[in-house]
Amino acid sequence: MPELPEVETVRRGLDQHLVGRRISAVQVGRERVVRRTSAQELIAGLTGAQVTSAERRGKYLICPLDTGKSLMIHLRMSGQLLSGAPGGIRPAHTHVVLDLHDGTQMWFVDPRTFGEMVVYGDAAEIPELLRLGRDPLHDPITASVLSAMWQSRSQGLKSFLLDQRFIAGIGNIYSDEIAHRARLHPLTPVGKISSAGRFRVAAAITDVLEAAVAAGGSTLGDAQYVDLLGHSGSYQDRHRVYGRTGQRCVTCDRSRIERITVAQRSTHLCRTCQPLTRMARRSASAIKE
Ligand SMILES: [Zn+2]
């Protein structure tokens, strides 16, 4: 699933290939992509509109239009936005085609169809946007920000990092990489993390996300995530734990990466670099796979 670095890479692509263009026609193939309203509403909301900017909040893409409304796009599990040309060979599962006045097209492709596009006028129409926490690229996460968020919370570190109400944009890949680089077990209750640990987590959030954005995100084996021109990211080559189950840890060169289940999500860690303290063990229920 695309996370903040992948969505930010797509946003930068939209800056180049969609912003400033007027949409001359819209085709919707699969109604599920426009399920929040309808195909008719998406077509009516976009036809003739000019995209004035491309913004991102967490994993949500928001494109304000010159009509006063905005287009929200969420890629969810497998959505892709591709810049194309009329007559170009569209991938299977292209559900929305935007014709742009400069003669290009924008394609929304989504094999699993969990992604969506919607034109909205009032932020209240997308209630989850109002509940999103801090975006770590716009408002850096510092140790003191974490202290305020963590006060006496018993939530485990991984579950906290995935909780979009606190920090928006981190998913399964980057939560594992951040916990590893902060040398903390993903189940460590955040309220019990030391002051030094808070600094490590804050630094890891910034370092991992910035490096991943610079690398154009992570493209996993399924190659579902690509940028607007169809190019893969390269941050997967720098993963230390995610997707490396059974491989020797590149940080300590001693243990092998293990995969456990935390909050129903597969979670990757090194037991040497990220020991499970007695305190974390008491408050956690990890199910070993
Ligand atoms: Zn290690």
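1. The buried residues of α6 are Asn172, Ile173, Tyr174, Ser175, Asp176, Glu177, Ile178, Ala179 and His180, where buried means under 20% relative accessible area, exposed over 50% and partly exposed in between, with a 1.4 Å probe and protein chains only. Since 9 of the 10 residues of this helix (residues 172-181) are buried, α6 is largely enclosed by the rest of the structure; what covers its buried residues includes α1 (4-17), α5 (157-162), α7 and β10. Helices (H or I, at least four residues) and strands (E, at least two) are DSSP runs, numbered from the N terminus.

2. This is a predicted model, in which local features need pLDDT of at least 70 and side-chain atom pairs count only at pLDDT 80 or more, whereas totals for chains, interfaces and linings use all residues. Residues are numbered from 1 along each chain as its sequence is written, and side-chain values use heavy atoms, with hydrogens and water left out.

3. The zinc ion is coordinated by the SG atoms of Cys249, Cys252, Cys270 and Cys273 at 2.2 to 2.4 Å, donors being N, O and S atoms within 2.8 Å of the metal (3.2 Å for Na, K and Ca), and because water is not among the atoms, sites may look incomplete. In sequence the donor residues are spaced C-x2-C-x17-C-x2-C. Cysteine 249, in the loop between α7 (195-214) and β9 (258-262), and cysteine 273, in the loop between β10 (265-269) and α8 (278-283), are 24 residues apart and link distant parts of the chain; both cysteine 249 and cysteine 273 are buried.

4. Threonine 142 lies in the loop between α3 (127-130) and α4 (143-150) and is partly exposed, with a relative accessible area of 35%.

Methods:
Contact = heavy atoms within 4.5 Å.
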